[in-house]
Amino acid sequence: MALRTVNDRWAGDNLDDLVAYFGADPDEYPAHQVVAARCDQCTGQVFVLETDESSTCVRRTCVSCDQTTHMLDSEEHWPTTEEEAEAQYFVECTCGEDQFETAVGFTFYDDGPTSDIRWVSIAVRCTTDGLIGYCASWKIGYGPSRHLVDSV
């Protein structure tokens, strides 16, 4: 593992470094569980991502098979009107590339096996230059919500 900082930005060499990033950033809710995203169709792990203006929903498209999937409960909140759709954007690295490994960190209300989710954070690692950062995060304000762990 080679999680490190480069010019005040986090960077890593692989998916393990992306997972480790969730414990390195003290400004985010601590992730009790981290799940790496995999395509349901081909098990690919590199995606192009879209999010809304508020970064409270994310849709990913697998680079290998082109399958598009809403992450977690994003489909319920995905922009539906033309005006809302204009506020969508593709996630892009500072290097200009748009292909990322992706993982979700879950923060639970307590550490019990049935505890509901308090907060989700989605982080990405650029497959070109290795830069790592968060692209979206939001509070989960309902329960039961533990099923979201299986919907990465």
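Why does Phe108 count as buried? Phe108 counts as buried because its relative accessibility is 6%, where buried means under 20% relative accessible area, exposed over 50% and partly exposed in between, with a 1.4 Å probe and protein chains only.

This is a predicted model, in which local features need pLDDT of at least 70 and side-chain atom pairs count only at pLDDT 80 or more, while totals for chains, interfaces and linings use all residues. Residues are numbered from 1 along each chain as its sequence is written, and side-chain values use heavy atoms, with hydrogens and water left out.

Phe108 is found in strand β8 (residues 100-108), strands being DSSP runs of E of at least two residues, numbered from the N terminus. Leaving aside neighbours within four places in sequence, the contacts of Phe108 include His32, Ile117 and Val149, contact meaning heavy atoms within 4.5 Å.

The largest nonpolar core has 29 residues, of which Met71, Leu72 and Phe106 touch the most other members; such a core is a set of buried Ala, Val, Leu, Ile, Met, Phe, Trp, Tyr and Cys residues joined through side-chain atoms within 4.5 Å. The largest share of this core, 5 residues, comes from β9.

Asp52 is placed in the loop between β4 (47-51) and β5 (58-62), and the side chain of Asp52 reaches two backbone nitrogens, as tabulated here.

| Backbone nitrogen | Distance to the side chain of Asp52 |
|---|---|
| Thr56 | 2.8 Å |
| Cys57 | 3.4 Å |

Conventions. Helices (H or I, at least four residues) and strands (E, at least two) are DSSP runs, numbered from the N terminus. A polar contact is a pair of N or O atoms within 3.5 Å; within protein, one must be able to donate a hydrogen and the other to accept it, and residues adjacent in sequence count only if both atoms are side-chain atoms.
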